[in-house]
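Subject: Structure handover and notes

Dear colleague,

I am passing on the structure that follows, together with an account of what was found in it.

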Amino acid sequence: MASSFSRILSSKRHIGILTLVGGSVTAGFLLHREHVSAGVPVRRRYPASAEFPDLRKHNNCMASNLTPAIYAKLCDRATPNGFTLDEAIQTGVDNPGHPFIKTVGMVAGDEESYEVFADLLDPVIKERHNGYDPRVMKHPTDLDSSKIQSGHFDERYVLSSRVRTGRSIRGLSLPPACTRAERREVERVVVDALSGLKGDLTGKYYSLTQMTEKEQQQLIDDHFLFDKPVSPLLTCAGMARDWPDARGIWHNIEKTFLIWVNEEDHTRVISMEKGGNMKRVFERFCRGLKEVERLIQERGWEFMWNERLGYVLTCPSNLGTGLRAGVHVKLPLLSKDPRFSKILDNLRLQKRGTGGVDTAAVGGVFDISNLDRLGQSEVQLVQTVVDGVNYLIECEKRLERGQDIKVPPPINKFKV
Amino acid sequence: KSTNFYKHMDSDKMVKLTLKRLSAEDEYPDLSQHNNYMAKVLTQDMYKKLRERATPSGFTIDGVIQTGVDNPGHPFIMTVGCVAGDEETYEVFKDLLDPVIEDRHGGYKPTDKHKTDLNSGNLKGGDDLDPNYVLSSRVRTGRSIRGFSLPPHCSRGERRAVEKLSIEALASLSGDLKGKYYALKNMTDAEQQQLIDDHFLFDKPVSPLLLASGMARDWPDARGIWHNDNKTFLVWVNEEDHLRVISMQKGGNMKEVFTRFCTGLTKIESLFKERSHEFMWNEHLGYVLTCPSNLGTGLRAGVHVKLPNLSKNTKFEEVLKKLRLQKRGTGGVDTAAVGGVFDISNADRLGFSEVELVQMVVDGVKLLVDMEKRLEKGQSIDDLMPAQK
């Protein structure tokens, strides 16, 4: 027993007190039994079959893949941080889903979740990411923005361009599982690193607990401020605990590079600007990310990444690149064409309203972005968006001229 | 490679491994904006001490206080800000819970003893509250089944076991207590509508005070409602507590409501005992429930009563305080009174017996109605002002 613990302890940055709870190992208990009658059993343990969730009315990736056999195998395991299967799937148990929208239904509490619960996460990842098999495939990472071709859109159609991703700090638990101290450590590490950014990336951090009303209003007006999550998909996973402790927003002076700290992930990184210069947005994105990575490495930290899963984030849907590159684009004619959805599908793009996910398009303006996250590199996904949006604009122009349009052939999902 | 790293942890050896890598100072919550009983009491030193402990089922101080950290509170309403995950919580974390209990329950000391009295014969009067004013009478309490974790902490298996035991016990009730169980996840649309019309159906909690403590996990698994055929005795299973027991009827015969309450509860307790289970109870805290505010009797005895004149009188609040009563709107806690009709109930839970609390409600409501009648006639109520109970 001691040897496996010392292995766990030596790999962590901070060595603290290890406490065992439960079972017959009573270190750390102080229980005065005179107030509890003799013969009372300690917590009953039930067989896996008695604990297995009722998923008959559920429609999410977790529910589709969690069998009683997998549950029985994994339910007594925990990651070194103590994260359990029940905690990983709680959000999917509490939120049966929607008949049309298939949510993921589970989260990771730490990097090790993806190993310890691989028997469930691998098939969930495969289902969510179009057949990407983490057991045999490798994910390519490529942040060389110079490779992007034709990345400047016609600004009579594209109103704004944006690229976002997430990054997790290796060695610290993720939002569903982190303690207050870990979350504060994430904030400390990230804010310290960001203070080293220079030039057009020079910026300032606004802690949610300390911002002034004036700062708050400015951030709202800039559409930068994020609020405590209200979606039960997130709150049931425990991500909103201790709000707003150790949460904040950093952005550069020019307001083109923005980082959210301790919202759904350790960090969410966003590069954006008005207009259609996606190439420049992506260039700043890559440069900023690499610079932040260099700054945290100087301080002895690194991002969670591996060649199976790419960048490791809280929600399995964001593995790989975690990247959503999108534009707000005017497509009033094309969006009314019955072939619109099929065209988007074949181009591996998705549409959202201009308020983001689950909103409606206003004035024929759509948010168009990449569907995929894992199995293709950042450069490949951004190029897909560039090529796809250029094609959509071409279609819109043709329809304006009364010409017909063609549904393009489907492009490959994996380009490895 | 590090596959040994993520070693399978055998459940025979440990239930849960909690690795606390950072210091107590780093973990101590920021309570500077908070106004609840937990925040008033929990110092950094106390937190440091309590974070080294856990109950046998693995409940920790962070589990106890999460709801109070997530819900800073309201400047006027003082919430409790902590919950129990099992019976042992009240022992293991007594350094925090004793002062919270003392503050919340009017100076109840760690050495005080709580008296339980469910003998409805000891109630004097209570059968003649004027039905022109008293529209309905109700008594509720909660019960926890010893040996099972409480709603913030229980596993699905435990919650289902509580439900199964409760269904079996309730199925044995007979006479005017004979009834039927409706599982939340199995009920038909028709059954659901009937329960809504009867005002019996409870929903998944929406209050962040409850959600933040983890009580709503796995909803609606193992939750349900039992009621007797007469619709005067009702049991909620696995909502905020293992069981919530309610006796109610139209009109002002609180004695009858309380008699049925006591008979029903006593009968249910013996049915559990027949099955080798008992309720969580001890002579210091009385009946043990999830929220420290419900310790002791867990009892709220109340009426819906018409007091349009008295409620506008400047002495109304003072009278209630002296009588140890509280007012709520007719929708329950945090609702407004409609048409001058108020929900009037006992303010206390711990340190008084069930009979004593219902007696206070019966005597107090009688006085309130007398005052209302005086004010209707334009007469003074000064001579009726009670002493502080």
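A compact globule of 389 residues would have a radius of gyration near 21 Å, and since chain B has 22 Å, the value agrees with that expectation. Please keep in mind throughout that this is a predicted model. Taken along the principal axes, the C-alpha atoms of chain B fill a box of roughly 90 × 50 × 40 Å, and buried residues account for 59% of the 389 residues in the chain. If one takes the contacts in chain B between residues at least 6 apart in sequence, 73% of them join residues at least 24 apart. The secondary structure of chain B comprises 12 helices and 11 strands.

As for confidence, chain A has a mean pLDDT of 88, with 87% of its residues reaching 70 or more. The stretch to treat with caution is residues 1-44 of chain A, where the pLDDT is below 50, although this stretch has 90 contacts in the model beyond near neighbours in sequence. Where pLDDT is low, the predicted coordinates should not be read in detail.

Turning to the sheets, chain B holds an open sheet of 8 strands in the order β3-β4-β5-β6-β2-β9-β11-β10, with antiparallel pairing. At its edges stand β3 (179-183) and β10 (325-328) of chain B, each of which has a single partner strand, so one side of each is left without a neighbour in the sheet. Direction ignored, neighbouring strands of this sheet are turned by 20° against each other on average.

Strand β4 (residues 224-228) of chain B is joined to strand β5 (residues 233-237) of chain B by 4 bridges, the two running antiparallel, and here Ile225(B) stands opposite Trp236(B) in β5(B). Between β5(B) and β6(B), which also run antiparallel, there are 5 bridges, and Val237(B) stands opposite Leu243(B) in β6(B). The hairpin formed by β5(B) and β6(B) has 5 residues between the strands, and in it Asn238(B) takes a positive phi near 60°. Strand β6 (residues 243-250) of chain B is itself mostly covered, with 7 of its 8 residues buried. Strand β2 (residues 134-143) of chain B pairs with β6(B) in the antiparallel sense over 8 bridges, and the partner of Gly142(B) in β6(B) is Arg244(B).

Chain A also holds an open sheet of 8 strands, in the order β3-β4-β5-β6-β2-β9-β11-β10 and with antiparallel pairing. Its edge strands are β3 (203-207) and β10 of chain A, each pairing on one side only, and its neighbouring strands are turned by 20° against each other on average, direction ignored. Strand β2 (residues 158-167) of chain A pairs with strand β6 (residues 267-274) of chain A in the antiparallel sense over 8 bridges, and the bridge partner of Val163(A) in β6(A) is Ser271(A).

One loop position in chain A may be worth a look, namely Ala360(A), which is found between β10 (349-352) and β11 (365-370) of chain A. Ala360(A) counts as exposed because its relative accessible area is 57%, where exposed means over 50%. Leaving aside residues up to four places away in sequence, Ala360(A) touches Gly353(A) and Thr354(A).

Two helices of chain B complete these notes. Helix α4 (residues 61-70) of chain B is mostly covered, with 8 of its 10 residues buried, including Ile61(B), Val64(B), Ile65(B) and Val69(B). The buried residues of α4(B) pack against α8 (180-194) of chain A, and also against α2 (37-41), α3 (44-50), α5 (89-92), α6 (94-104) and α9 (208-211) of chain B.

For helix α10 (residues 254-274) of chain B, 21 residues at 1.5 Å a residue should span 30 Å, and the end C-alpha atoms are 30 Å apart, which agrees. Among the buried residues of α10(B) are Phe258(B), Phe261(B), Leu265(B), Ile268(B) and Phe272(B), and the list also includes Arg260(B) and Glu269(B). Just after α10(B), Ser276(B) takes a positive phi of about 65°.

With best wishes

Definitions and conventions. Residues numbered from 1 in each chain as written. Chains lettered and ligands numbered in written order. Predicted model: local features only at pLDDT ≥ 70, side-chain atom pairs only at ≥ 80, totals over all residues. Heavy atoms only, no water. Expected span 1.5 Å × (residues − 1). Buried < 20%, exposed > 50% of the residue type's maximum accessible area, 1.4 Å probe, protein only. Contact = heavy atoms within 4.5 Å. Pairing = 2+ DSSP bridges. Axes fitted to C-alpha atoms, helices over the stretch in contact; angles between N-to-C directions. pLDDT = per-residue confidence, 0-100. Rg over C-alpha atoms; globule rule 2.2 N^0.38 Å.
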